Amino acid sequence: MTKPESARRRRFRRAAIAILVLSVLPMIPVIFAASVAHFAGCRLDESGAQTCLIGGFDAGPLLYTVGMGFFLIALLAMIAGAIAAAIWIAAVVFYVVRGMFFRR
């Protein structure tokens, strides 16, 4: 159709990608800490820091801090992402409905 239509679609697509990336990004340290603990044969849970020897270094407290500390940040980011996604969906529905009833 016209150029503003395609520009609007690009903006909506970029907004959707930005929402997805920003809401998933804080999960990377949590997944990394869980993976390191798993491959080292250690336990990583909410009960506290467990002893986890990796190359003679006790990485348990560090893994616990990264895993559980960033879990809260990741949870808040996912909640913010869900709110942003709901706003994005509402904007898309608004423009679709507006386009259906107010054709030029």
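These are my notebook entries on a predicted model of one chain.

**Ground rules.** I number residues from 1 along each chain as its sequence is written, and side-chain values use heavy atoms, with hydrogens and water left out. Since the model is predicted, local features need pLDDT of at least 70 and side-chain atom pairs count only at pLDDT 80 or more, while totals for chains, interfaces and linings use all residues.

**Overall form.** I looked up the secondary structure and found 3 helices and 2 strands, in the order α-α-β-β-α along the sequence. Helices here are DSSP runs of H or I with at least four residues, strands are E runs of at least two, and both are numbered from the N terminus. The radius of gyration is 21 Å, well over the 13 Å that the globule rule gives for 104 residues, so the chain is more spread out than a compact globule. That radius is taken over C-alpha atoms, and the globule rule is 2.2 Å times the number of residues to the power 0.38. I noted a C-alpha trace spanning about 70 × 25 × 15 Å along its principal axes. Of the 104 residues, 18% count as buried (buried is under 20% relative accessible area, exposed over 50%, partly exposed in between; 1.4 Å probe, protein chains only).

**Surface patches.** I then checked for patches, which are made of residues with over 30% relative accessible area and no salt bridge; like charges are joined within 9 Å, and nonpolar side chains (Val, Leu, Ile, Met, Phe, Trp, Tyr) within 5 Å. Areas come from the Shrake-Rupley method with a 1.4 Å probe.

R9, R10, R11, R13 and R14 form a positive patch; Lys and Arg count as positive, and the place of an Arg charge is taken as CZ. R14 sits in helix α1 (residues 3–24) and is exposed at 58%. R13 is also found in helix α1 and is exposed at 53%. I recorded 9.9 Å between the C-alpha atoms of R13 and W88, which are 75 residues apart along the chain.

A nonpolar patch of about 760 Å² is made by F71, L72, L75, L76, M78, I79, I83 and I87. M78 belongs to helix α3 (residues 60–101) and is partly exposed at 38%.

**Salt bridge.** How many salt bridges does the count come to? I got 1, using a side-chain nitrogen of Lys or Arg within 4 Å of a carboxyl oxygen of Asp or Glu. The pair is D45 and R43, with the closest N and O atoms 2.7 Å apart. D45 is buried at 16% relative accessible area, whereas R43 is exposed at 52%.
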